[in-house]
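The sequence and the coordinates are shown first.

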Amino acid sequence: MRVAGQNPPRIASAVALGAALLVLCLSTAAWADKKDKNAQPQAVATEVDITKLVWPPPPDVTRIRYVTTVNGEDSLNPKPKTKKSSWLDKMAGVSLPSDSSKPRTRGPYGVAGDSKGHIYVADVTTAAVFDFDLEQKKVSLIGAQRLQVPSGVAIDDADRIFVVDSQQGIVFVFRTDGTVEGTFGGGKFVRPIGVAIDNENRFAYVVDGRGDRVAVFDADSYRFLRYLGKPKTVDVLEPGVFDRPTNVAVDSEGNVYVTDTFNARVQVFNADGEFLRMWGKPGTVAGCFMRPKGIAIDRDDHVYVVDAEFNNVQVFDTEGHSLMFFGDRGNNPGTFTLASGIGIDAQDRIIVTEQWTGRVQIFRYINDKEAKPEYEKAAAEEKRIQEERLAREKAADDSAARK
């Protein structure tokens, strides 16, 4: 997420990034696609060489790489393509084997990963949380008999699974075996949606989308502590005022980032609930939003915001400076249709959910430590090219002086 040749590798200053990264962000087509949002997505996506799906594009150093797409156990165990039924087979009543009975994600929203590499996806349509074990290539359901409209999901450092049920207005806490450890939040929400855990300070943050605020609980005792923010009473976008917030994330310093969806911005608070800053406004250029929803933060404190209107993911530093984006509207790998949720796990996997198609796309974040050698290599190459250019210019000047 930094142009080649810049040093150090950490993304800390928008000035240091310069105009080169903004070129990545100012693609008009990526921001202002005017297609009918109600149009059904195409049934067949074009063939894409997924090995070339990287961001930013070459020659810049790769920071995000596409990995795979999942939606159920069949997607983890793809079978060889079989011959399609002919019209004669259909007339004769012949049908090909189908595994359609296996559960697959149909309305995925919240997503998170645990310490063992499992990915958990809250599916509002299936009314359960999908547990994807990519290593064993297995999928199981959690909470199928208890949940009604699971939306947000978060994992703490003990691998407890916090699931917000928007319909029941409570938060379930599941163990990895699917048993319920506890519930909390009853009576504190109007319509809860997103959730995040601050493992250091032991806070559980739950976004109340209809209540226009964020409820804070003790992550261990489940005791209610306080609210962050307040509902909008007049058409003035004051700091700390929310209009249909949806999701929340916590950085390494314990600061809290909330997508203020209808206000088209991100608001930031410290662990004590004090307002720090905000960024974003309605618009179709880099750093602006139309419908910000999912939010996540990687190990290097870059902030990722999913925009369901743009169908992309924008990346910022913690001060709100725009760094890059990836994605666009579409059905191919690396594109989205109604992108909604996002999570980043300990393996640096970026997981993005799409409610329209039911897909869960997985990307890999190349962290600062991993990217450092590539930046050093690019800097050395840039230095070599510059030295050769200066040597040629000097030789030309010396030649001219001798004439």
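The questions and answers below concern this predicted model.

Q: What is the mean pLDDT of the chain, and how many of its residues reach 70 or more?
A: The mean pLDDT is 86, and 83% of the residues reach 70 or more. Since pLDDT is the predictor's confidence on a scale from 0 to 100, these values describe the prediction itself.

Q: Where does pLDDT stay under 50, and how many contacts does the model have there?
A: Residues 2-43 stay under 50, and the model has 86 contacts for them beyond four places in sequence. Over residues 87-98 the pLDDT is also below 50, and that stretch has seven contacts beyond near neighbours in sequence.

Q: What makes strand 8 mostly covered?
A: A residue is called buried if its relative accessible area is under 20%. In strand 8, residues 161-165, five of the five residues are buried.

Q: How do you know that both faces of strand 8 are covered?
A: In a regular strand the side chains alternate between the two faces of the sheet. In strand 8, I161, V163 and D165 lie on one side, F162 and V164 lie on the other, and all of them are buried.

Q: Why are strand 7 and strand 8 said to pair?
A: Pairing requires at least two bridges. Strand 7 and strand 8 have four bridges, in the antiparallel sense, and therefore they pair.

Q: Why are strand 8 and strand 9 said to pair?
A: Strand 8 and strand 9 (residues 170-174) share five bridges in the antiparallel sense, against a requirement of at least two; therefore they count as paired. V164 stands opposite V171 in strand 9. These strands also form a hairpin, with four residues between them, and G169 in its turn has a positive phi of about 70°.

Q: What surrounds the second largest pocket, and which residues are closest to its centre?
A: This pocket has a volume of about 1000 Å³. Of the 44 residues that line it, I155, I197, V250, I297 and I344 are the closest to its centre. Strands 3, 7, 11, 17, 21 and 25 each supply at least two residues of the lining. By class, the lining divides into 18 nonpolar, 13 polar and 13 charged residues.

Q: Why is R202 called buried?
A: The relative accessibility of R202 is 18%, and the limit is under 20%, so R202 counts as buried. R202 lies in the loop between strand 11 and strand 12 and has a positive phi of about 60° although it is not a glycine.

Q: Why is A264 called buried?
A: A264 has a relative accessible area of 3%, which is under 20%, so the term buried applies. A264 lies in the loop between strand 18 and strand 19, and its phi is near 55°, a positive value in a residue other than glycine.

Key:
Residues are numbered from 1 along each chain as its sequence is written. This is a predicted model: local features need pLDDT of at least 70, side-chain atom pairs count only at pLDDT 80 or more; totals for chains, interfaces and linings use all residues. Side-chain values use heavy atoms; hydrogens and water are left out. Contact means heavy atoms within 4.5 Å. On a 1 Å grid over the protein atoms alone, a cavity is a set of points where a 1.4 Å probe fits but cannot get out, and a pocket is an open set with protein on both sides within 12 Å along at least five of seven lines; lining residues have an atom within 4 Å of a point. Grid points are joined across faces, edges and corners, and a volume is the space filled by probe spheres set on the points. Ala, Val, Leu, Ile, Met, Phe, Trp, Tyr, Cys and Pro count as nonpolar, Asp, Glu, Lys and Arg as charged, and the others, Gly among them, as polar. Buried means under 20% relative accessible area, exposed over 50%, partly exposed in between (1.4 Å probe, protein chains only).
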